[in-house]
Amino acid sequence: MKLPIFLDNHSTTPMDPRVLEAMLPYFVEKFGNAASRNHTFGWEAEEAVDNARKQIAKLIHADPKEIVFTSGATESDNLALKGAIEMYHEKGNHIITSSTEHRAVLDTAKSLEAKGKATVTYLSVDKHGMVKPEDVRNAITDKTVLISIMLANNEIGTINPVGEIGKIAKEKGILLHCDATQGVGKIPVNVQEMGIDLMSFSAHKIYGPKGVGALYVRKKAPRVRISAQMDGGGHERGMRSGTLPVPLIVGFGKACEICEQEMEAEGRRLGAMRDRLQAGITNALEEVYLNGHPTQRLPHNLNLSFAYVEGESLLMGLKEIALSSGSACTSATLEPSYVLRALGVGSDLAHSSIRFGLGRFNTDEQVDYTIKRMIEIVTKLREMSPLYEMAKEGIDLKSVQWAAH
Amino acid sequence: MAYSDKVVDHYNNPRNVGSFKKDEKDVGTGMVGAPECGDVMKLQIKVEGDKIVDARFKTFGCGSAIASSSLATEWLKGKTVEEAQTIKNTDIVQELNLPPVKIHCSVLAEDAIKAALADYKKKAGKETK
């Protein structure tokens, strides 16, 4: 078993070799610009892009014409929010979103607020991180033009009831945008059934290349329009100008095709692996808490808080395993994870959290090794922890007066 | 985030992990930080005469926090109580090569040292500075 082991598949994924193989001809042989209308180099590039559009659309039950290529989900989120606010400014300027969205949505919303272009309601979530459809309904005003709720959370894996929210949006005639970056290719996504009008997702989360993503833009019932944020040539039906990165798009298409074929079996396999990882750790260690919904969660996600032990020191001891933490010490801003805080998880447990993201190329052997190392490190660090010592003495940590700096 | 070799060493081989009995009169205990902040250090010294003969620590915090407090216990041993007052966080930063974002760990360690010294002095009936 080779080290290091990669268990951080929410941050990115290794490319599937089949995807790489599909991409290679488009770098040196079939290198044409897909927008060149007058020669075979352009035509064969355009054909490859059209084929990829079909593969991508099939995965989400959309029409190929409804796929707009971007540089990634972050750009798609920007395009959806800014594009909709600009286009529908005569209808209103209110956005409803949630407090646990990815920064690509939250920062875009804040930027619109700061520029006076939108007012935003940030819905709180329940203790499992789920948005309640009723809260969405209650937040709607006559100025609301967009609801933006993520399909599945990147930190805690909780899956939101997007279908129910879609029904409310339809009823009220408001557009629903869904950041589905962590869900597409992992769980079934159907933009028709779920009532989604705009959807962001990217390739590098599904074993495709970095640098390309898509925004699904509904064409019928209703026809959604957005203002382009990138001007210059009118590519992607005027919604996103710029020469298409053909090899990346080919890879994106192939990645989606593989997901479409293998998603169900893979979901079962990874779900079982995740359950094994969870059981292995929680059976051996006390005071380990699950963050996120116990059942409505991505099959490959696990987020645990280990009381009395800080996340970065945990990761340091597990340096041969790639994971991530909600601890302040691991963030550039020294703030603990805002997602965990939104769940009502205390700061101390937020600092003690570890996120595991399983993927296509992980094995049972790697999981068993991880279980063993987690037990070792948590045990060692608890021996070194003054909080563990106090808890063992029966002291209620919540009652202590801390001499914080 | 690249850790200095010294920080890694202190993490893998922490010096003087453990506890003395708090109520013994030759023991000074300093507990600083807060779980909310992700940093709590408990530093203890054992004093004979005016010399610190032994030290122990326990820390809830990142690798740099653990290294800072581990280093502190190393430095405290053999110093007099007065000498120990002069240990500065900047010395810790330099010794461990802490990056700017981790300087606060060394500050907390200095606070822990001062708290332990103050606790001992109080117990010994001497004036706290």
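Glu236(A) sits in the loop that runs between strand 8 and helix 9 of chain A; helices (H or I, at least four residues) and strands (E, at least two) are DSSP runs, numbered from the N terminus. The model is a predicted one, in which local features need pLDDT of at least 70, side-chain atom pairs count only at pLDDT 80 or more, and totals for chains, interfaces and linings use all residues. Residues are numbered from 1 along each chain as its sequence is written, while chains are lettered from A and ligands numbered from 1 in the order in which they are written.

Glu236(A) is not a glycine, yet its phi is positive, at about 55°. With 20 other C-beta atoms within 10 Å, Glu236(A) is buried; the cut-offs are 20 or more other C-beta atoms within 10 Å for buried, 12 or fewer for exposed, and anything in between for partly exposed, with C-beta atoms placed from the backbone. The loop between strand 8 (213–217) and helix 9 also holds Pro222(A), and the peptide bond joining Ala221(A) to Pro222(A) is cis, with omega about 0°. Arg225(A) is found in the loop between strand 8 and helix 9 too, and counts as partly exposed, having 15 C-beta neighbours inside 10 Å. From Arg225(A) to Thr74(A), 151 residues apart along the chain, the C-alpha separation is 19 Å. Another cis peptide bond runs from Leu3(A) to Pro4(A), with omega near -5°; Pro4(A) is placed in the segment before strand 1 (5–6) of chain A.

Next comes helix 9 itself, covering residues 246–284 of chain A. Its 39 residues put the end C-alpha atoms only 49 Å apart, short of the 57 Å that a straight helix would reach at 1.5 Å a residue (the expected span is 1.5 Å times one less than the number of residues). Helix 9 of chain A bends by about 65° at Glu262(A), the bend being the angle between axes fitted to the seven residues ending there and the seven starting there. Past the helix, Glu287(A) lies in the loop between helix 9 and strand 9 of chain A. Glu287(A) is another residue other than glycine with a positive phi, near 50°, and with 16 C-beta neighbours inside 10 Å it counts as partly exposed.

Then there is the sheet. Four strands of chain A form an open sheet in the order 9-10-13-12, with antiparallel pairing; strands pair if DSSP finds at least two bridges between them. Strand 9 (288–290) and strand 12 (324–325) stand at the edges with a single partner strand each, so one side of each is left without a neighbour in the sheet. Strand 9 pairs with strand 10 over three antiparallel bridges, and here Leu290(A) stands opposite Leu304(A). Strand 10 in turn pairs with strand 13 over five bridges, again antiparallel, with Asn303(A) opposite Arg355(A). Strand 13 (residues 353–357) is joined to strand 12 by two bridges, also antiparallel, and Arg355(A) faces Ser324(A) there.

Strand 10 (residues 301–306) has six of its six residues buried, so it is largely enclosed by the rest of the structure. Both of its faces are covered: Asn301(A), Asn303(A) and Ser305(A) are buried on one side, and Leu302(A), Leu304(A) and Phe306(A) on the other.

As for the chain overall, chain A contains 14 helices and 13 strands. Its C-alpha trace spans about 75 × 55 × 35 Å along the principal axes. The radius of gyration is 22 Å, in agreement with the value near 22 Å for a compact globule of 405 residues; this is taken over C-alpha atoms, and the globule rule is 2.2 Å times the number of residues to the power 0.38. Buried residues account for 53% of the 405 residues. Of the contacts in chain A between residues at least 6 apart in sequence, 73% join residues at least 24 apart, a contact meaning C-beta atoms, placed from the backbone, within 7 Å.

Technical notes
Two residues are in contact if their C-beta atoms, placed from the backbone, lie within 7 Å.
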